[in-house]
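We will go from stop to stop, with something to select at each one.

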Amino acid sequence: MKTFTVSAMLASTLALGAAQASDHAITGADVQAAQEAWGAGIVAIGAAYTAGEDYEAAARAHIEQFYAYDGHTVLFKPTLASEDQFRGDFDEALSYFVGGEIEEDGGFAIAPYTQVRWENEATIIDSDSAMAMGNYFFTTTEGEEVKVEYSFGYVQDEDGELKIVLHHSSLPYTPN
């Protein structure tokens, strides 16, 4: 994995206005930990669905923990969204993960998946924001890995936790 440190590029380019209450600058390890926890959350939503538990509550907790909808604009372009491509608010993100509000949503996170594995191409880090791009692989209950391309942007909240402000993912290009 390549990691680049950029002083003011992200703040000026993305104009995220991230909270700077934390004295801890983001590290590559922080980004990797956030990715692993996000993947575990997707697995937990699917496990709750399979077990007949409150999977919507699990998805709500996941979005609250990992996305910055409560204080920032979130740019979210999910993998399997084509008619309503962008999910700019909490309820639209919830619909994508568990189905509901948007007709095309089948509930991505309730598939379910047993593991999410990340391969970062590169990570760019500023003191209070970061971007990562690469592939992540979702393991189905049949053991098949589904490769998805992603770009995630993170800011630190007032507690120093990473929150997603950019999530773009898509299936790899396949030529005709």
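Select Thr-139 to begin: it stands opposite Glu-145 in β5. This is a predicted model, in which local features need pLDDT of at least 70 and side-chain atom pairs count only at pLDDT 80 or more, while totals for chains, interfaces and linings use all residues. Residues are numbered from 1 along each chain as its sequence is written, and side-chain values use heavy atoms, with hydrogens and water left out.

Now show the strands around that spot. β4 pairs with strand β5 (residues 145–156) in the antiparallel sense over 11 bridges; two strands pair if DSSP finds at least two bridges between them. Helices (H or I, at least four residues) and strands (E, at least two) are DSSP runs, numbered from the N terminus. Click on Gly-143 next: in the β4–β5 hairpin, with four residues between the strands, this glycine takes a positive phi near 90°.

Follow β5 onward to strand β6 (residues 162–170), its antiparallel partner over eight bridges. Select Val-155 and you will find Lys-163 of β6 opposite. Five residues separate β5 and β6 in their hairpin, and Gly-160 in the turn has a positive phi of about 85°.

Time for the rings. The structure holds 24 aromatic pairs (rings of Phe, Tyr and Trp, the last by its six-membered ring, with centres within 6.5 Å; planes under 30 degrees apart count as stacked, over 60 as edge-to-face and the rest as tilted). Select Tyr-67 and Phe-97: their ring centres are 6.2 Å apart and their planes at 55°, so this pair is tilted. Tyr-67 sits in the loop between α3 (55–66) and β2 (75–77) and Phe-97 in helix α4 (residues 90–98), so the pair ties together parts 30 residues apart in sequence. Both Tyr-67 and Phe-97 are buried (under 20% relative accessible area; exposed is over 50%, partly exposed in between, with a 1.4 Å probe and protein chains only).

Move to Phe-108 and Phe-138, an edge-to-face pair because the planes are at 85°, with centres 5.1 Å apart. Phe-108 lies in the loop between α4 and β3 (113–125), and Phe-138 in strand β4 (residues 129–140). Phe-108 is buried at 9% relative accessibility, and Phe-138 is buried at 1%.

Last stop: select helix α2 (residues 28–50) and α3, which pack at an angle of about 170° with axes 8 Å apart. Axes are lines fitted to C-alpha atoms, for helices over the stretch in contact, and angles run from 0 to 180 degrees between N-to-C directions. α2 and α3 are therefore roughly antiparallel (over 145 degrees; under 35 is roughly parallel, 65 to 115 roughly perpendicular and the rest oblique).
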